[in-house]
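This report describes the pockets of one protein model and a residue in one of them. The sequence and structure come first.

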Amino acid sequence: MADETSDETDKKIGENDENTTFKDLGVTEVLCEACEKVGWKIPTKIQRECIPLALQEKDIIGLAETGSGKTGAFALPILQALLENPQRLFALVMTPTRELAFQISEQFEALGSLIGVKCAVIVGGIDIMSQSLALAKKPHIIVATPGRIVDHLENTKGFNLRPLKFLVSLNFIFSCYL
């Protein structure tokens, strides 16, 4: 009878093993190459914990500090799913600030550069007509603030989110009042 407690080689992927690679997490070769291109050598803790679950299409609630790799934790599984089932208007990432929207879009574009990913940033303070034109081109990824995406849903003719496969909501606390 084998001693199950002494077998350290059967660690689950995603545990705090700092030798785990993106490939070990199930990330495809082209996205592993993109990670190297942006200077990511090994996955961070949040990435090790979230990526395998996201690749299994599990819903995730993740909490980690600024600079911990949260964007990669959701961007890589979204990009991998996009590779497997390419379509426009694939994902919407909702973020509370304009600045964060631009940062997230830059990460998606860098990680998706080898596969031709198109992103649109939809935030207040930018001409709504130019954003309407960007949405009409049907980018793969939309990164938006809530108010501006609602504005487009209500006022941009022909725009809707029905094709979406992924929705990521960052830094929001929802309250229900009865």
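Which helices and strands each supply at least two residues of the lining of the largest pocket? They are α2 (45-55), α3 (70-84), α4 (98-111) and β4 (166-169).

## Basis

The model is predicted: local features need pLDDT of at least 70, side-chain atom pairs count only at pLDDT 80 or more, and totals for chains, interfaces and linings use all residues. Residues are numbered from 1 along each chain as its sequence is written, and side-chain values use heavy atoms, without hydrogens and water.

## Largest pocket

The largest pocket has a volume of about 1,400 Å³ (the space filled by probe spheres set on grid points joined across faces, edges and corners). A pocket is an open set of points on a 1 Å grid over the protein atoms alone, where a 1.4 Å probe fits, with protein on both sides within 12 Å along at least five of seven lines; lining residues have an atom within 4 Å of a point.

Of its 44 lining residues, Ile60, Lys70, Phe74, Val168 and Leu170 are the closest to the centre.

## Second largest pocket

The second largest pocket holds about 180 Å³ of space. Its lining includes Leu89, Ser132, Thr156 and Pro163, and helix α5 (residues 128-136) gives the most to it, with 3 residues.

Thr156 lies in the loop between α6 (146-155) and β4. Thr156 is buried, with a relative accessible area of 15% (buried means under 20%, with a 1.4 Å probe and protein chains only).

Notes: Helices (H or I, at least four residues) and strands (E, at least two) are DSSP runs, numbered from the N terminus. Buried means under 20% relative accessible area, exposed over 50%, partly exposed in between (1.4 Å probe, protein chains only).
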